[in-house]
Amino acid sequence: MVRLTMHTPLEVVRQKMEAVSPVDFQNNFFQICIVVSGQGHLGLDSHRTAFKPGSVILLTPDDVHHFELEQPTEFLMVRFSSSYIRAFEWGKMNQMECILYYARHFTGCIMRTPDDNVLVQSIATSLLHTLEHPDLYQQDIIKHFVNALIVIAARNIEKAGPPAASENTDKKLLEIIHYIEEHIFDPARLKAAAIGKAFGVSTSYIGQYFQRCSGETLQHFITQYKLRLIEHRLKFSDMRVNEIAVEFGFTDESHLNKYFKKQKGVALTKFRKQYVSGKTSSNALAKHPS
């Protein structure tokens, strides 16, 4: 497996592929793949899904993937880092990064509404034109198009439903999950009592209701959700452990380390070193295959 790293917050490229990818890839960034022409299949973790012109696929950091082409295929690749997401003041603020991570819970094209698909294709055409005809303020124009694309992608991911939801999920459960997303960096607001108060119900009822509707406990959902974000910071950012602790509302680095080790069975620094070591080995193999 080859791990791909992007050293800038945003990158938009037109990419042509002629053959099946012989190896799996893993990015340290989000990547929206818009199929301009051609067709084939995307291998994503243990899933395999077809794509065709107009398909829009979102790959999140950690996704192990490869492309199986049935004919030469052209993509518009929109790549952006978590730091890019966090630096922009979206309407949903902290929720945007969390919403995008939902993409790993379903396969194939992320577009759920025909109207939004029309908008995405229009943005893709505009981005391609901008790349081919550089002019004044090109980067600013590209950022505006990309931001609109991210918002539309997030809207369709939300319509597909979060991982704890199903087709028959109660609207109230979705509201609770969205509340958790919004306050994932504020421990005081993630307590069952605070969530119950926000929805006008008792502490015991909110926990029973969440488990009955989602199949997992409220605390387990919050913990796993938070851990995914912390793991991403450790793998793909240069943030110090104490900075991550502050971001997620831990009292200090020791508190965060104790929390992480209890859940993952490994200390924060060791987890990061293991990932860096694995990445170095994979890059070496890619450069010097046997």
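Which helix is Thr 130 found in? Thr 130 sits in helix α3, and more on that residue comes in point 4. Here are my notes.

1. **What you are looking at.** This is a predicted model, so local features need pLDDT of at least 70 and side-chain atom pairs count only at pLDDT 80 or more, while totals for chains, interfaces and linings use all residues. Residues are numbered from 1 along each chain as its sequence is written, and side-chain values use heavy atoms, with hydrogens and water left out.

2. **The overall picture.** The protein chain has 11 helices and 9 strands. Both are DSSP runs numbered from the N terminus: helices are H or I with at least four residues, strands are E with at least two. Of the 290 residues, 47% are buried. Buried means under 20% relative accessible area, exposed means over 50%, and partly exposed is in between (1.4 Å probe, protein chains only). The accessible surface of the chain is about 14900 Å², and carbon and sulfur atoms hold 52% of it. Those areas come from the Shrake-Rupley method with a 1.4 Å probe, and for residues only the protein chains shown count as cover.

3. **Who touches whom along the chain.** Take the contacts (heavy atoms within 4.5 Å) with a separation of 6 or more: 70% of them are between residues 24 or more positions apart.

4. **Back to Thr 130.** Thr 130 counts as buried because its relative accessible area is 10%. Leaving aside neighbours within four places in sequence, Thr 130 is in contact with Gln 138, Ile 141, Ile 142 and Phe 145.

5. Tyr 137 is in the loop between α3 (114-132) and α4 (138-160). Its relative accessibility is 62%, so Tyr 137 counts as exposed.

6. Helix α8 (residues 218-236) has 19 residues, which should span 27 Å at 1.5 Å a residue, and its end C-alpha atoms are 28 Å apart, so the two agree. The expected span is 1.5 Å times one less than the number of residues. Of the 19 residues in α8, 15 are buried. Helix α5 (residues 171-182) has 12 residues and reaches 17 Å from its first C-alpha to its last, close to the expected 16 Å. The buried residues of α5 are Leu 173, Ile 176, Ile 177, Tyr 179, Ile 180 and Glu 181.

7. Phe 210 is in helix α7 (residues 203-214). With a relative accessible area of 0%, Phe 210 is buried. Not counting residues up to four places away in sequence, Phe 210 touches residues including Leu 173, Ile 176, Ile 177, Ile 180 and Phe 221. Phe 210 and Leu 173 are 37 residues apart in sequence, yet 6.7 Å apart in space, C-alpha to C-alpha.

8. **The nonpolar cores.** A nonpolar core is a set of buried Ala, Val, Leu, Ile, Met, Phe, Trp, Tyr and Cys residues joined through side-chain atoms within 4.5 Å. The largest has 64 residues, and Phe 80, Leu 100, Ile 180 and Ile 230 touch the most other members. Another core, of 12 residues, lies apart from it, with Leu 42, Phe 51, Ile 57 and Phe 67 among them.

9. **Salt bridges.** Side chains of opposite charge can pair when their charged atoms come close. The rule used is a side-chain nitrogen of Lys or Arg within 4 Å of a carboxyl oxygen of Asp or Glu, and by it the count comes to 10. One of them pairs Arg 14 with Glu 132 (2.0 Å, N to O). This pair links distant parts of the chain: Arg 14 is in strand β2 (residues 10-17), Glu 132 is in helix α3, and they are 118 residues apart. Arg 14, Glu 74 and Glu 132 are linked in a network of salt bridges. Arg 240 also forms a salt bridge with Glu 243, with the closest N and O atoms 3.6 Å apart. Arg 240 is exposed at 57% relative accessible area, whereas Glu 243 is partly exposed at 33%.
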